[in-house]
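Good morning, and thank you for making the time.

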Amino acid sequence: MSDGPRRPDDRSDDSRDDTEVNTAGSDDSRDDGGDSRDAGGARADTPPEDAGGEPRSSITEGGLVVPLVQLAWPIVVIQLLQVTYNVVDTIYLGRLSAEAVGALSLAFPLVFLLIAVAGGFTAAGAILVAQYTGARGDRSAGLVAGQTMTVVAALSVVIGVVGYFYTRPALELLPSDPDTAATVVPLAADYMEIIFLGIPLMFGFFVFSALMRGHGDTRTPMFVMIVSVAINVLLDPIFIFGFEGNPVFGWLDAISAVDVRGFEAAMFAATGFAGWGIEGAALATIVARGVGTVAGLYLLFGTDVGPRTRLTHLRPRPAFIADVFRLGLPASVEQTASALAMITLTAMVVTFSPPVVAAYGLGNRLISLVFLPAMGLGRAIDTMVGQNLGAGRSDRAERAVRLAASTGAGVMLIVAVVAATFTEPIVAVFLGDVPDAPETIAYGVEYVRIRSVEFAFIGVSQVILGAFRGAGNTAIAMTISILTLWIGRVASVSVLVFVLDWGATGVWVGMAVGNVLGAVIGVAWFWRGTWKERYIDEPEPAVGLGDD
């Protein structure tokens with residue numbers, strides 16, 4: 001018996017549409033099998049052949065290493081580019097002030113809290129698309145994609161409005177150090193208000209990327225993300241500093257024979273634009289995300305890329321929306337609980353001085369880079385498990401999980417050694433010649449070195465959680481994540497800091513405990529084998545004429 005939720009067997013087809021047609025009668029203008037392609041563009045139901053007639057591996061057939069790598073490496077690049085948004089902001093704002101860097105540390109968990117509400121439903125769409133694609137339910141995959149976009153779009157508008165008005169009251173609730181309250185908190189509020197106004201533009205790309213991943217295509221979102229990040233890199237220094245004291249002009253002036261600083265002075269004289277500070281960083285992010293969203297929507301609706309989605313698929317259909325909510329609610333709770341845990345940890349950290357707050361933010365951004373290989377494998381295994389269970393290949397799904405978990409642990413162990421060895425020069429890159437920089441760097445080095453102990457466990461836990469999500473067992477993933485964050489991290493930090501009086505070191509050690517606990521619980525639950533049933537009941541139920 002499965003631990004995960006199952007779709008009810010007595011659902012009638014007319015709950016999807018009033019008029020039914022047989023799926024064999026589809027007159028869809030796209031080619032018949034174009035939507036069961038894997039990450040390499042191959043059909044998911046049979047292994048494609050190379051030029052010599054030899055079968056190649058696909059997601060559901062052949063070897064496991066090739067499709068796992070094909071899915072994982074673009075995800076790693078996407079996540080690296082995702083982190084680049086924050087890293088670029090951190091580098092430029094580090095040239096503005098240490099308080100601006102600390103403001104990002106405060107802002108991120110609060111923004112993530114509201115993003116998490118809709119993020120769970122995005123994950124649900126990816127799970128359903130993966131299982132329908134594996135079962136060759138191409139039209140159902142397209143409908144699920146459309147319904148996911150409808151749900152997330154509605155939520156993003158609500159979240160943007162609520163987030164904009166709740167930002168300052170929420171920040172005022174944090175028990176801040178007096179210096180932090182006076183200098184860091186107002187900057188965090190300025191940043192968050194801009195971000196929340198642009199939340200719908202941010203969510204558009206998140207949905208596109210998740211749906212494409214479920215379909216087995218991780219490369220297309222990667223290319224879109226590259227364009228988006230390039231725009232952010234270009235806009236960030238201009239929006240933050242304008243044409244007065246812009247560090248980019250200083251860097252270019254040092255390596256160029258041209259009088260770049262003179263050009264900057266001329267531009268400032270002509271425009272008077274001195275940048276928008278931390279608000280400029282937020283605005284650059286929103287503009288860049290918006291470009292990614294527009295590109296993603298065009299690819300989904302205007303081309304043959306991804307699940308075959310039509311504008312008619314955006315019309316709400318209760319049965320499909322019920323599936324999105326049934327899987328999405330636990331995933332949403334998981335991500336919301338994660339965000340609340342981060343907020344709780346941040347509330348503990350802001351009781352320390354600004355250098356500790358800034359070090360916590362810097363350390364988290366560096367560790368988010370470390371997460372990339374593990375996250376890539378975890379999301380790749382999400383798709384591989386989903387499509388293989390959809391195709392009735394639970395044995396192959398289990399073998400894929402074992403391969404990914406062992407690979408993740410090995411890779412992350414190597415990353416841990418590198419991170420612990422070169423911590424100080426890496427941390428120092430993120431801070432310029434600003435007040436409190438030496439103290440912030442010292443705290444940051446200690447933080448990263450202590451947390452490197454958990455890196456191998458991160459590799460295992462991310463893969464196991466991905467396996468449960470791909471199978472549709474989002475409730476199990478939710479439970480493990482809550483235990484990891486609230487028992488492993490929040491409780492540990494609370495005891496070490498406020499009971500044992502370890503100070504900032506207690507924060508660093510407590511943060512490292514979480515993924516160790518999560519990996520142990522996840523592996524034990526995985527070996528029970530109760531996750532091996534697919535969520536969907538039928539791959540291609542009858543749908544309405546309007547869906548063609």
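This is a predicted model: local features need pLDDT of at least 70, side-chain atom pairs count only at pLDDT 80 or more; totals for chains, interfaces and linings use all residues.

Residues are numbered from 1 along each chain as its sequence is written, and side-chain values use heavy atoms, with hydrogens and water left out.

Let me start with the rings. Rings of Phe, Tyr and Trp, the last by its six-membered ring, pair if their centres lie within 6.5 Å, and planes under 30 degrees apart count as stacked, over 60 as edge-to-face and the rest as tilted. By this rule the count comes to 15 aromatic pairs. One of them joins Phe121 and Phe325, whose ring centres are 4.7 Å apart with the planes at 55 degrees, so this pair is tilted. Phe121 sits in helix α2 (residues 98–134) and Phe325 in helix α11 (residues 318–349), so the pair ties together parts that are 204 residues apart in sequence. Helices here are DSSP runs of H or I with at least four residues, numbered from the N terminus. As for burial, buried means under 20% relative accessible area, exposed means over 50%, and partly exposed is in between, using a 1.4 Å probe and protein chains only. Phe121 is buried at 4%, while Phe325 is partly exposed at 31%.

A second tilted pair is that of Phe203 and Phe206, with 6.1 Å centre to centre and 45 degrees between the planes. These two are 3 residues apart in helix α6 (residues 199–215), separated by about one helical turn. Phe203 is buried at 3%, and Phe206 is partly exposed at 22%. Elsewhere, ring pairs link Phe239, Phe243, Phe249, Phe263, Phe273 and Trp276 into a cluster.

Now to helix α15. Which residues of α15 are buried? They are Ala437, Thr440, Ile441, Gly444, Val445, Tyr447, Val448 and Arg451. Seen down the helix axis, and taking the directions from that axis to the C-beta atoms, the buried residues of α15 fall within an arc of 165 degrees, so they line one face of the helix.

The C-alpha atoms of Gly94 and Val429 are separated by 9.5 Å, although the two residues are 335 residues apart along the chain.

Last come the salt bridges, where a side-chain nitrogen of Lys or Arg lies within 4 Å of a carboxyl oxygen of Asp or Glu. The structure holds 10 salt bridges. Arg168 forms one with Asp190, the closest N and O atoms being 2.7 Å apart. Arg168 belongs to helix α3 (residues 138–172) and Asp190 to helix α5 (residues 185–197), so this bridge ties together parts that are 22 residues apart in sequence. Glu193 also forms a salt bridge with Arg168, with the closest N and O atoms 2.8 Å apart. Of these residues, Arg168 is partly exposed at 34%, Asp190 is partly exposed at 21%, and Glu193 is buried at 16%.

Arg261 forms a salt bridge with Glu264, the closest N and O atoms being 2.5 Å apart.
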